Amino acid sequence: AAMSNSPPKTPLRLLIWALRPHRRRVAALGAIQALLVLGTIAMPLLIGLAVDRITLGRTDAVLVTAAVIALLGCVLAALKALQGVVAGRVSLTVERELRNRIYAHLMAIEPRIARQRNTGELVSLVTSDLLPISNFLGIQLSRLMGSGMSVVLSATVMFILQPTVAALALIPVPRAVIATLHPSCASRRAV
């Protein structure tokens with residue numbers, strides 16, 4: 001799947017543009033992240049269930065709950081490992097594609113311009129520019145997806161269990177999202 005010839009200028013749009021040919025892997029990463037968040041939310045609920053059963057003296061059911069908790073922990077560990085593999089593959093593939101585009105551009109520029117800089121200097125610029133993109137795709141993208149899903153799924157569970165407390169707890173969320181997406185606006189208001 002080839003990328004179009006004119007990449008966007010803003011970093012977020014460039015990232016979306018670069019990930020477009022890898023929709024399936026990004027969707028798989030999202031599904032893995034959703035399962036991780038659901039498992040993370042289910043764990044305290046299961047522990048609470050076990051505590052309730054112990055309190056009620058139903059120790060026979062506690063062993064089943066403990067087995068489910070142990071199994072869930074193993075599944076979460078396997079999903080975490082799979083998440084790292086998928087995110088790493090996406091990161092390396094996108095980095096390679098972007099690097100190939102940049103090198104093709106360097107090969108196509110006017111030789112007079114290319115002679116103004118050393119070859120090693122040009123290669124160093126390309127490598128240092130792509131390293132943050134690779135780091136973001138390999139580590140931060142899945143964390144960002146997980147954080148967003150955690151907020152949404154946790155809020156859903158909170159509203160199911162205690163709607164009033166959930167509403168109070170989520171009051172600062174819109175401001176935090178705005179501050180995250182537009183840090184310059186948040187810093188101007190703080191000054």
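Student: What pattern does the chain follow when read along the sequence?

Tutor: Good place to start, and keep in mind that this is a predicted model. The secondary structure comes to eight helices and zero strands. Read along the sequence, the chain therefore follows, with helices and strands taken as DSSP runs, the pattern α-α-α-α-α-α-α-α.

Student: What radius of gyration does the chain have, next to a compact globule of 191 residues?

Tutor: Let's begin with the box that the C-alpha atoms fill, roughly 85 × 45 × 25 Å along the principal axes. A compact globule of 191 residues would have a radius of gyration near 16 Å. The chain, in contrast, has 23 Å.

Student: How much of the chain is made up of buried residues?

Tutor: Think of the surface too: the chain exposes about 13,100 Å², and carbon and sulfur atoms supply 68% of that area. A residue counts as buried when its relative accessible area is under 20%. Of the 191 residues in the chain, the buried share is 24%.

Student: How far does helix α2 reach from its first C-alpha to its last?

Tutor: Helix α2 covers residues 23-55, which gives 33 residues. At 1.5 Å a residue, the expected span is 48 Å. The helix comes close to that value, reaching 48 Å.

Student: Which residue just after α2 takes a positive phi?

Tutor: Inside α2 itself, several residues are buried, among them Leu 29, Gly 30 and Ile 32. Just after this helix comes a residue with a phi of about 80°. That residue is Gly 57.

Student: Is Ser 91 buried or exposed?

Tutor: Ser 91 is found in helix α3, residues 59-108. Its relative accessible area is 4%. Because the cut-off for buried is under 20%, Ser 91 is buried.

Student: How far apart in space are Ser 91 and Gly 138, C-alpha to C-alpha?

Tutor: Leaving out residues up to four places away in sequence, Ser 91 touches Ser 134, Leu 137 and Gly 138. Ser 91 and Gly 138 are 47 residues apart in sequence. In space, their C-alpha atoms are 5.0 Å apart.

Student: Which side chains meet in a salt bridge?

Tutor: Side chains of opposite charge can pair when their charged atoms come close. In this chain the count comes to one salt bridge, with an N to O distance of 2.9 Å.

Student: Which residues form a nonpolar patch on the surface?

Tutor: One member lies in helix α5, residues 119-161, and counts as exposed at 53% relative accessibility. Together the patch residues have about 330 Å² of accessible area. They are Leu 45, Ile 160 and Leu 161.

Student: How far apart in space are Leu 181 and Ala 67, C-alpha to C-alpha?

Tutor: Leu 181 lies in helix α7, residues 173-181, and at 60% relative accessibility it counts as exposed. Leu 181 and Ala 67 are 114 residues apart in sequence. In space, C-alpha to C-alpha, they are 41 Å apart.

Student: What share of the contacts with a separation of 6 or more comes from residues 24 or more positions apart?

Tutor: A contact here means heavy atoms within 4.5 Å. Looking at the contacts in the chain with a separation of 6 or more, residues 24 or more positions apart account for 68%.

Note on methods:
Residues numbered from 1 in each chain as written. Predicted model: local features only at pLDDT ≥ 70, side-chain atom pairs only at ≥ 80, totals over all residues. Heavy atoms only, no water. Helix = DSSP H or I, 4+ residues; strand = E, 2+ residues; numbered from the N terminus. Expected span 1.5 Å × (residues − 1). Buried < 20%, exposed > 50% of the residue type's maximum accessible area, 1.4 Å probe, protein only. Salt bridge = Lys/Arg side-chain N within 4 Å of Asp/Glu carboxyl O. Patch = residues over 30% accessible without salt bridge, like charges linked within 9 Å, V, L, I, M, F, W, Y side chains within 5 Å. Areas by Shrake-Rupley, 256 points an atom, 1.4 Å probe, with all protein chains shown as cover. Rg over C-alpha atoms; globule rule 2.2 N^0.38 Å.
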